[in-house]
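Please open the model in your viewer and keep a selection panel at hand. The tour below moves from one selection to the next and says what is to be found at each stop.

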Amino acid sequence: MTIWNVFELMGGLALFIFGMNLLSDGLKVAAGSYLKKILESLTHNRWIAMLVGAGLTAMIQSSNAICVMVVGFVNAGMMQLERSVGILMGAKIGTTITGQLIAFNITQIAPLIAFIGVAVLSFSKKPKVKVVGQVIASLGVLFIGLGMMSSTMEPLRNATWFRQVLSQLSNPILGVLVGVIFTVIIQSASASIGVLQIMVLGGVIGFENAFFVMVGMNIGASVAPALASIGATKDAKRVAFIVFLFEFLGMLLFLLTYKFIPFLTWMEASSANPSRQIANANTIFNIVTVACCLPLSSYLVRIAKFVIPGEDQKEERALHYIDSTGYQTGTVLLEQIDMEVGRMQNLVRANIVAANRMFFEKDLYDKEKFDENESTVDFLNNEITKSLIRLGEMDINEDQASHVGNLYHIVTDLERIGDHAENIAGYAEILHENKLEFSNKASKDLKVLTDKTVEIYDMACVHFNNPSANTYRSIYDLEEKIDRIVDKMRNSNIKRLSKMKCGATQGLYLSETLVDLERMADHSLNIAKATKRYDLKSDTLDEDVI
């Protein structure tokens, strides 16, 4: 085997891994936000959750992606730890589809498949069609890489030094260790097993030795969720630990029984194609492990909680949901950002209510808590914006990209509403310190206006999460009503001042308060306009309303 063979082998491996990653990325973009919806709605039963995990992984061709997404959802509090176990186990079954696909060995027509995919990518202008082209092209590249590796591995069969190395793999534990290391290096169990299939097909390694290397490759795949959980919540770390525990228990099961049960013989007899034998063995290994471990899922959760005890203590002025898992998958990061925006909404509302109450309650507000909320809102505005910039650089579909654009405006509007609440609290505090009060009529009108301001803000937040034409129309109408109330109160304030029925200081601060309340209503309407998943084609709103 010459140095040129080594270079060709490296190039084939590079094309294979690149094609597999490109395939996974394309399928993830195509699936988009549907992944989260499916994971949320169909994971209450552990067996159904397992089937969902298997199906989604087969669809996007990446168990690592599903595991990382689950870590992200658990970290963001969008999924309970107990519900994640079935998905994680199902993902290990779903990822075996890649090996079954590779076993077809369509390397001869791979260049044609790649050409068709590239042609679709080059000549189509529709994003959804381009994704299809990416998937087709990646399949072609994947099999071209397999073909290159297959041809360059043939000389290894007769290389004395390589046969001596492989003879050491007759020790199952050493075979498992080699599989773990190889998968940790290339960060893909599917790619690792694909390489192993080519080696078995070329007669480079025997089936029995290859089986235990394959088991190690499955364990090596648990490294990705472990890395994703660094810096995440304890529950997210427990998810990563459960993935490792599941694979480790599967390894123990087969290591302890292969001398007594001839399952290796049965697996080898499952097909005349050596590549298919490894693919079948991988599928059987994961199915058997799931069948044994899924009924014990509650115990796996208990073990994880025992190994990683305690609860998380989070500072208020910190990100609670966005973490490193989000930066690996656009769908996860977008949901984490939404959770942080929801937290920002709650903090802003608390300050709106606190500021408004100061006009009508003698007891001053908790200034320290108010300032902490305002500081946190400013912090979240900056951090969410940074995350949105990162998200804009990731592979996301058209709907998700539109939502990202809307979120830029929404967080800005929330931050400005918080600023107006701070202004109002300042006016009220000055009035309290100087023992000044508004007239009875002004106080009654102001109470109506502040209540309407809180109402329109709450409606805007509801519309953000569940947009509808009816809700938007109500918000629009209420904003106009608030404008009329503000105009009426301004005129009344001017009349009172001209008739000396109101002090100049009270009149000034009432006028400033009206400005801030009106602006808060305007920003609430802006939030309703910049909503996610709002489709004007499906909802009937007049153009002049928009």
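A residue is called buried when its relative accessible area is under 20%, exposed when over 50%, and partly exposed in between, as computed with a 1.4 Å probe on protein chains only. This is a predicted model, in which local features need pLDDT of at least 70 and side-chain atom pairs count only at pLDDT 80 or more, while totals for chains, interfaces and linings use all residues. Residues are numbered from 1 along each chain as its sequence is written, and side-chain values use heavy atoms, with hydrogens and water left out.

**The whole chain**

Begin with the cartoon of the protein chain, which has 23 helices and 0 strands; these are DSSP runs numbered from the N terminus, helices being H or I with at least four residues and strands E with at least two. Of the 546 residues of the protein chain, 52% count as buried. Contact here means heavy atoms within 4.5 Å, and of the contacts in the protein chain with a separation of 6 or more, 82% are between residues 24 or more positions apart.

**Helix H17**

Select residues 297-307, which form helix H17, and show the side chains of Ser297, Leu300, Val301 and Ala304, which are buried. They lie on the same side of H17, because they cover an arc of only 100° around the axis, the arc being that of the directions from the helix axis to the C-beta atoms. On the other side of H17, Arg302 and Phe306 are exposed.

**Ala114**

Move to helix H7, residues 110-123, where Ala114 is located. Ala114 counts as buried, at 11% relative accessibility. Its neighbours within four places in sequence aside, Ala114 is in contact with Ala137, Gly140, Val141 and Ile144.

**H12 against H14**

Next select helix H12 (residues 207-220) together with H14, which pack at an angle of about 160° with their axes 9 Å apart; axes are lines fitted to C-alpha atoms, for helices over the stretch in contact, and angles run from 0 to 180 degrees between N-to-C directions. H12 is therefore roughly antiparallel to H14, given that angles under 35 degrees count as roughly parallel, over 145 as roughly antiparallel, 65 to 115 as roughly perpendicular and the rest as oblique.

Is Glu247 buried or exposed? At 0% relative accessibility, Glu247 counts as buried. Apart from neighbours within four places in sequence, Glu247 is in contact with Lys92, Asn218, Ile219, Phe285 and Asn286.

Go on to the loop between helix H20 (398-433) and H21, where Lys435 lies. Phi of Lys435 is near 55°, a positive value in a residue other than glycine, and Lys435 is exposed, with a relative accessible area of 76%.

Finally, select helix H21 (residues 440-465) and helix H23 (residues 504-529), which pack at an angle of about 20° with their axes 8 Å apart. This makes H21 roughly parallel to H23. Residues of H21 that meet H23 include Leu446, Thr453 and Tyr457, and among their counterparts in H23 are Leu510, Leu517 and Met520.
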